[in-house]
Amino acid sequence: MNLSAADIKHLVEAYAVPLAVNFVIAVLVLVIGRWIAKAVVKMMARVLEKKVEPSLARFLADVTYAILLMVVVIAALDQLGVKTTAAVAVLGAAGLAVGFALQGSLGNFAAGVMILLFKPFRVGDFVVAAGQSGTVESIKVFSTVLVTGDNRQIVVPNGQIFSGPIENTTVRGTRRIDLVFGIGYGDDIKQAKDILEGLIAADDRILREPAATVGVASLGASSVDLFCRPWTATGDYWGVHGDLLEKVKAEFDRAGISFPFPQQDVHVYQKRA
């Protein structure tokens, strides 16, 4: 088939030139769109870093960039004449399938976002959550890492943490120590209370405000139970707790105050032959 110069010119003008123009426009859409997406994400990350945790800010920025880049690519393909309706439908169906397959992970992600936004605890806090306890080492989008007192690392899914009660023993800065001491009915209650109050006053780690309280908790079956409730900084809690128990035992022994405890008498009968 021989084409004349006029035919070739017509083909070039009808097909080649528009295709070249559309190709150039598509490249420009891709380049400029990518640049705009990066600028938007950079601005978004700068704003988010002031309001949320850095890890969440980076994650949201990455997700936003991926979505914007997908929109730019679809726009560039559309400029080239590629039918993008089917592609968008396929991507939507794939996203739905992935969502169903990863619904557990998505639940953990949503819970992680809520934890990072509302901050029920921070890195360094001691928490009890999802049946686990430990110091928060890191808060990730899908899980939280706890370190126990004996240096075990526990990775807890955020969905389990956010779906139940969260006990944070660090956030308030102070804690109350609740102790109960049982003394005999024949012992002097005032003397016992004076000893407890003296030990509290002598310990500089115990806070003066809120004031510690000492009193009778209950009249038990075999003892008069005294409560002792001093306040201390969270970091001093266990040190003061152990020292008070040791000092109270020593001072009560020195004062002759008894600690009633269950006793059992055993009677041995010798049967004569």
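Select strand E1, residues 126-129. Strand E1 has a covered face made by Val-127 and Ala-129, and an uncovered face made by Phe-126 and Val-128. In a regular strand, side chains alternate between the two faces of the sheet. Strands here, at least two residues of DSSP type E, and helices, at least four residues of type H or I, are DSSP runs numbered from the N terminus. The model is predicted: local features need pLDDT of at least 70 and side-chain atom pairs count only at pLDDT 80 or more, while totals for chains, interfaces and linings use all residues. Residues are numbered from 1 along each chain as its sequence is written, and side-chain values use heavy atoms, with hydrogens and water left out.

**The sheet around E1**

Strand E5 (166-168) runs antiparallel to E1 and is joined to it by 3 bridges; two strands count as paired if DSSP finds at least two bridges between them. Val-127 has Asn-168 as its bridge partner in E5, and Ala-129 stands opposite Ile-166. E2 also pairs with E1, in the antiparallel sense over 4 bridges. There, Val-127 stands opposite Gly-134.

Now show E4, E3, E2, E1 and E5 together. They form an open sheet of 5 strands in that order, with antiparallel pairing. E4 and E5 are the edge strands, each pairing on one side only. Neighbouring strands of this sheet are turned by 40° against each other on average, direction ignored; the axes are lines fitted to C-alpha atoms, for helices over the stretch in contact, and angles run from 0 to 180 degrees between N-to-C directions.

**The turn at Ala-130**

Go to the hairpin of E1 and E2, which has 2 residues between the strands. Ala-130 lies in this loop and has a positive phi of about 55° although it is not a glycine. Most residues other than glycine have a negative phi, and most peptide bonds are trans. Ala-130 has a relative accessible area of 30% and is therefore partly exposed; buried means under 20%, exposed over 50%, and partly exposed in between (1.4 Å probe, protein chains only).

**Strand E3**

Select residues 143-147, strand E3. Is this strand largely enclosed or open? It is largely enclosed by the rest of the structure, because 5 of its 5 residues are buried. Ser-143, Val-145 and Val-147 cover one side, and Thr-144 and Leu-146 the other.

On one flank, E2 (residues 132-139) pairs with E3 in the antiparallel sense over 4 bridges. Ile-139 stands opposite Thr-144, and the hairpin of E2 and E3 has 3 residues between the strands. E3 is also joined by 5 bridges to the antiparallel strand E4 (residues 153-157), where Val-155 stands opposite Val-145. The hairpin of E3 and E4 has 5 residues between the strands, and Asn-151 in the turn has a positive phi of about 70°.

**The cores**

Next, select Phe-181, Ile-183, Leu-196, Cys-228 and Phe-252. These have the most contacts inside the largest nonpolar core, which has 20 residues. A nonpolar core is a set of buried Ala, Val, Leu, Ile, Met, Phe, Trp, Tyr and Cys residues joined through side-chain atoms within 4.5 Å. Strand E7 (179-183), helix H6 (189-202), strand E9 (224-229) and helix H7 (237-255) each give two or more residues to this core. A second, separate core of 11 residues includes Ile-115, Val-136, Ile-139 and Leu-146.

Center on Ile-183. Not counting residues up to four places away in sequence, Ile-183 touches residues including Ile-189, Leu-226, Phe-252 and Pro-260; contact means heavy atoms within 4.5 Å.

**Loops to check**

Which residues does Thr-169 contact beyond its neighbours within four places in sequence? They are Phe-126, Arg-175 and Thr-234. Thr-169 sits in the loop between E5 and strand E6 (174-176) and counts as buried because its relative accessibility is 12%.

Lys-119, in the loop between helix H4 (103-118) and E1, has a positive phi of about 55° although it is not a glycine. Its relative accessible area is 24%, so Lys-119 is partly exposed.

Finish at Pro-210, in the loop between H6 and strand E8 (213-219). A cis peptide bond joins Glu-209 to Pro-210, with omega about 0°.

**Zoom out**

The chain has 7 helices and 10 strands. Buried residues make up 26% of its 273 residues.
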